[in-house]
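Q: I am new to this structure and would like a close look at a single part of it. Please take me through the sheet, strand by strand.

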Amino acid sequence: MRTPDQATLHDFDRILTKVGERLTEVQREMLRTHMNAPGMSMTAREMSLVMGWRDRASNVYGRVGSLIREYLDVAPNAQGITCFCTFGVDESTGEITWVLRPTFAAALARWSRSP
């Protein structure tokens with residue numbers, strides 16, 4: 001068993017190939033939005049605003065993380081979102097930020113371009 005930090009580009013390529021068809025269009029849009037955000041970093045509030053929701057981003061992203069966790073050899077109790085994001089802090093608001101893991105973002109970019 002590994003930690004999400006040890007996941008490789010190959011791991012995420014394989015995972016996105018497997019879970020890609022299971023992602024909803026909303027989940028795909030969230031991932032694209034996050035990948036294109038400055039520093040690939042967003043707060044849950046920012047994501048909710050961009051997606052036109054009041055406060056739903058954490059729930060939807062949690063489901064994405066659960067899908068990814070199914071195929072990543074990490075502890076079953078690992079929080080799903082940590083499989084593809086790390087956390088930071090927005091210095092101006094003090095809110096927790098989600099930062100896409102660079103290896104996941106690279107795989108996501110490749111997957112998004114595939115037919």
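Which residue in β3 does Gly88 stand opposite?

A: Gly88 stands opposite Thr97 in β3. Before going further, please note that this is a predicted model, in which local features need pLDDT of at least 70 and side-chain atom pairs count only at pLDDT 80 or more, while totals for chains, interfaces and linings use all residues. Residues are numbered from 1 along each chain as its sequence is written, and side-chain values use heavy atoms, with hydrogens and water left out.

The sheet is open and has 3 strands in the order β1-β3-β2, with antiparallel pairing; strands are DSSP runs (E, at least two residues) and helices likewise (H or I, at least four residues), numbered from the N terminus, and two strands pair if DSSP finds at least two bridges between them. At the edges are β1 (41-43) and β2 (85-89), each of which pairs on one side only. From one strand to the next the twist averages 35°, where axes are lines fitted to C-alpha atoms, for helices over the stretch in contact, and angles run from 0 to 180 degrees between N-to-C directions.

Between β2 and β3 (residues 96-100) there are 5 bridges in the antiparallel sense, and Cys85 stands opposite Leu100 in β3. The hairpin of these two strands has 6 residues between them, and there Gly94 takes a positive phi near 80°.

Finally, helix α2 (residues 25-36) lies across β1, β2 and β3 and runs at about 95° to β3, contact meaning heavy atoms within 4.5 Å.
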